[in-house]
Amino acid sequence: MLDDTDDTEIHPLFAGAPSSTEFRKLRKRLVRETRAAIEDYGMIRPGDRWLVCLSGGKDSYTLLAVLHELQWRGLLPVDLLACNLDQGQPGFPATVLPEFLKRRGVRHRIEYQDTYSIVKEKVPQGRTYCALCSRLRRGNLYRIAREEGCSAVVLGHHRDDILETFFMNLFHGGRLATMPPKLLNEEGDLTVLRPLSYVAEADCDRFARAMMYPIIPCDLCGSQEGLQRVQVKKLLDEWESRSPGRRQVMFRALMNVRPSHLLDPKLFDFSQLFPDDSNATEIPRLRPQEH
């Protein structure tokens, strides 16, 4: 079991990790929750190759470290290839990730595609960049995965991303949907995996800070004010501050769906929902009172 392992035996991506009990507990929790999501959603097909997408943010650093820890311990029998897509944002520190990955002996591919200019050109002033930027990024990652012989594109979305997406769809899209832990692309040749689905954003933040990873901020969508996701995040933060643990309760609700108690006739055949007359108890008729 993971909790019985020797803490002195860790993957090089954890080199320089704090020796505190608090950090060891955090590391074990991250690995345990990631392993649980991988197993619960059947993400592993032994011998496959995964393209692990690395943006330079706290979540993708956490993803990279935890997956290599699992692989190193023999709990993840797949080949891992880290990949960063340099989208041509002005001032992007292009040397940070290659140097970080080389120092830690992580196999990787750095791809340059100037999607930044396309997004700035196509999106009208005042509109958000996220949709087009995400679509262009995803298309390039799919291409890279195919070129590298990968069967899966692995993303660093965590529990809070999934919750925020659910409420964005609820409030703005008029549907009950979110980002699933495992998804087949439209072409049917790649799976999209989110192994951090059970992991809290706060844990990713604490981990990346403790490890002092070189965080690279997003200067495209991160520069825009009033994004719907930002508003939803603030709302969830407020709920969490008033009732600690609320996020986890809401997340569990996404795993406990009752179609018969919702309103979608495509999920549940309400038209056939009638009492079974054969089992009905006949109600005795009252005799007229005699005078």
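Predicted model: local features only at pLDDT ≥ 70, side-chain atom pairs only at ≥ 80, totals over all residues.

Colleague: Which residues lie nearest the centre of the second largest pocket?

Modeller: Phe166, Leu176, Ala253, Leu254 and Val257, out of 23 lining residues. A pocket here is an open set of points on a 1 Å grid over the protein atoms alone, where a 1.4 Å probe fits, with protein on both sides within 12 Å along at least five of seven lines; lining residues have an atom within 4 Å of a point.

Colleague: And what volume does the second largest pocket have?

Modeller: About 590 Å³, where a volume is the space filled by probe spheres set on the points, and points are joined across faces, edges and corners.

Colleague: Which helix gives the largest share of that lining?

Modeller: α6, with 4 residues. Both α6 (159–173) and α9 (246–253) supply at least two lining residues each. Helices are DSSP runs (H or I, at least four residues), as are strands (E, at least two), numbered from the N terminus.

Colleague: Okay, switching to aromatics. How many aromatic pairs are in the whole structure?

Modeller: The search finds 12. Phe166 and Phe167 make an edge-to-face pair, because their ring centres are 5.3 Å apart and their planes sit at 80°. Rings of Phe, Tyr and Trp (its six-membered ring) pair if their centres lie within 6.5 Å; planes under 30 degrees apart are stacked, over 60 edge-to-face, and the rest tilted.

Colleague: What about Phe167 and Phe171?

Modeller: That pair is tilted, since the centres are 5.6 Å apart and the planes are at 40°. Phe167 and Phe171 both lie in α6, 4 residues apart, about one turn of the helix.

Colleague: Is Phe171 buried, exposed or partly exposed?

Modeller: Partly exposed, at 43% relative accessible area, whereas Phe167 is buried at 8%. Buried means under 20%, exposed over 50%, and partly exposed in between (1.4 Å probe, protein chains only).

Colleague: Now the strands. How many bridges join β1 to β2?

Modeller: There are 5, and β1 and β2 run parallel; strands pair if DSSP finds at least two bridges between them. Arg49 stands opposite Asp79 in β2. From β1 the chain crosses through α2 to β2, a right-handed β-α-β crossover. Right-handed means that, with the strands pointing away from the viewer, the path from the first strand over the helix to the second runs clockwise.

Colleague: And what does β1 do on the β4 side?

Modeller: β1 and β4 (residues 152–154) pair in the parallel sense over 3 bridges, and the bridge partner of Trp50 is Ala152. In β1 (residues 49–53), 4 of the 5 residues are buried.

Colleague: Which residues are on the covered face of β3?

Modeller: Arg109 and Glu111, while His108, Ile110 and Tyr112 are on the uncovered one. β3 pairs with β2 in the parallel sense over 5 bridges, and Glu111 is the bridge partner of Leu85.

Conventions:
Residues numbered from 1 in each chain as written. Heavy atoms only, no water.
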